[in-house]
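Hi everyone, thanks for coming. Let me put the model up on the screen, and then we can walk through it together.

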Amino acid sequence: MPLHPMPAATLPDPAPFDRADPLRSVRERFELPQQGDGRTPAIYLCGNSLGPMPRGVRELMQQTLDDWAHRGVRGHHDGPRPWIPYAESIAPLLGSLVGADPMDVVLMNTLTVNLHLLMASFYRPTAARSAILIEEAAFPSDKYAVDSQIRFHGLDPHETLVTIAPRQGEDLLRTEDLLAAIDTNAGRLALIMLPGVQYRTGQVLDMARISAAGKAAGAIVGWDLAHAVGNAPLCLSGWDIDFAVWCSYKYLCGGPGATAGAYVHQRYRKRFDLPRLAGWWGHDPATRFEMGPDFHPMPGAAGWQLSNPPIFSTAPLAVSLAIYQEAGSQRFREKSAALTGYAQAGIAMLLRDQIECITPVAPDERGCQLSLRVKGGPERARRVFAALCARGVIGDWREPDVIRLAPHPLYNSFAEVAACLRHLAEIMASA
Ligand SMILES: *Cc1c(COP(=O)(O)O)cnc(C)c1O
């Protein structure tokens, strides 16, 4: 394949950016995926789908296996990390990451399960208020969950769902349109269920404003933070929202199927009257093991737990959330804006005629993910994506025509972004 070197003058040298990066050594704390040959390092830009493994996870998993092997049932109470309070022991790290009191967050289940559990409590349709506002292009699992909840209440999604979409010919949702939809439907909205970051475009929604408008309209406001947690700044207790759910295997590097998270606003800490689907792990721990017949929920988000936590799916989060904590939200955010900004500027400089970046340019309207549409149609886009994979760049593909690349501030470098853009430019020149 002929090489078409990029005009050298156009892309700023990444080296000074990497040298000045206060988080550059954090990369060493991860085992980064290899190319298919199992030896050559890949350029891993797929943390939006599955984060890489923090090195410390091996050790903690080994220790956990040893605890199980050597202590057996005593591991529930003994050892460096006893299993009974395992989820609670990680809640402070989780709370600080999402801007919430540890009481109001919990690690449990997986995302879609948590969405159902919290809708069981918070989607309580009445004759006057039964509608749910979601985006038309919602992640399928969220759409299925919402539809099935509506049916579960004996209602018809066709009449009960209010959907919002970008305007004709646009990719991004406009805040003004979201606010107008809330306003127009104010009298009938029971629930607003939107993504903090849209998975296909990488757009960050204005969670503070939309939540405030939703509450003013009398609706319950829930957020799906699958693509926002560990990516966009979150200040859950500062926003007037009711609940949020997220998964932990994307930006949070919790490993495949990792235990997910949920947030419930502090005003519900002692709302023991709320209908909820109960299990023994949500019971007041002081009397949980008295094994009584009546459910007495513990205050806070932990009162929504059902079962004892899956330790092997939770342990990696003890490691990865500690890395987030050490990195610090300020430095994380600054690097994220700079790293993705570097990628975005590079694409605009070198590939403007070839690639349309549909992710917003303003740093507070995006996280680290860039969503790229290759000009020349889906077939060409598919070829470009395949060629990028063949060159060892791991990103992902979203139908019908979007390539997603997510340079993560904890483990990606400016040099990797530059190399990725160089590959793209070479591929474009021959595709
Ligand atoms: C990743 C993702 C999910 C995945 O759901 P699981 O229950 O974790 O399998 C759901 N919703 C959104 C918006 C996502 O981005």
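N109 is found in the loop between β4 and α4 (111-122); the helices (H or I, at least four residues) and strands (E, at least two) I mention are DSSP runs, numbered from the N terminus. Please keep in mind that this is a predicted model, where local features need pLDDT of at least 70 and side-chain atom pairs count only at pLDDT 80 or more, while totals for chains, interfaces and linings use all residues. Residues are numbered from 1 along each chain as its sequence is written, and side-chain values use heavy atoms, with hydrogens and water left out.

Back to N109: its phi is near 55 degrees, a positive value in a residue other than glycine. Most residues other than glycine have a negative phi, and most peptide bonds are trans. N109 counts as partly exposed because its relative accessibility is 23%; buried means under 20% relative accessible area, exposed over 50%, and partly exposed in between (1.4 Å probe, protein chains only).

C253 also has a positive phi, near 60 degrees, and is not a glycine. You'll find C253 in the loop between β9 and β10 (261-264). Is C253 buried or exposed? With a relative accessible area of 1%, C253 is buried.

While we are on backbone geometry, a cis peptide bond joins E399 and P400, with omega at about 5 degrees. P400 sits in the loop between β14 and β15.

Now the sheet that β4 belongs to. Seven strands form an open sheet in the order β4-β10-β9-β8-β7-β5-β6, with mixed pairing; two strands pair if DSSP finds at least two bridges between them. β4 (105-107) and β6 stand at the edges with a single partner strand each, so one side of each has no neighbour in the sheet. On average, neighbouring strands here are turned by 15 degrees against each other, direction ignored. For angles, axes are lines fitted to C-alpha atoms, for helices over the stretch in contact, and the values run from 0 to 180 degrees between N-to-C directions.

Inside that sheet, β7 and β8 pair in the parallel sense over five bridges, and the bridge partner of L194 in β8 is W223. Helix α8 packs on the sheet and touches β7 and β8, with its direction at about 150 degrees to that of β8; contact means heavy atoms within 4.5 Å.

Next, strand β5 (residues 131-135). How many of its five residues are buried? Five of the five, so β5 is largely enclosed by the rest of the structure. In a regular strand the side chains alternate between the two faces of the sheet. Here A131, L133 and E135 point one way, and I132 and I134 the other way. β5 pairs in the parallel sense with β7 (residues 189-195) over three bridges, and I132 stands opposite L191 in β7. Four bridges join β5 to β6 (residues 161-164), also running parallel, and L133 has V162 as its bridge partner in β6.

Helix α7 (residues 175-184) has D177, L178, L179, A181 and I182 as its buried residues. Their cover includes β5, β6, β7 and α8 (207-216).

D242 lies in the loop between β8 (220-224) and β9 (243-246), and counts as buried because its relative accessibility is 0%. What does its side chain meet? A polar atom of the D242 side chain lies 2.7 Å from the backbone nitrogen of V221. The side chains of D242 and R267 are joined by a polar contact of 3.4 Å. A polar contact is a pair of N or O atoms within 3.5 Å; within protein, one must be able to donate a hydrogen and the other to accept it, and residues adjacent in sequence count only if both atoms are side-chain atoms.

Last, the nonpolar interior. A nonpolar core is a set of buried Ala, Val, Leu, Ile, Met, Phe, Trp, Tyr and Cys residues joined through side-chain atoms within 4.5 Å. In the largest core, of 67 residues, W223, L225, L234, L236, W246 and L410 touch the most other members. Helix α9 (residues 311-327) gives the most to this core, with nine residues. Domain 1 (14-54 + 329-430) and domain 2 (84-324) both contribute residues, so the core lies between them; these bounds come from an automatic or database domain assignment. A second, separate core of 32 residues includes Y123, I134, L161 and Y268.
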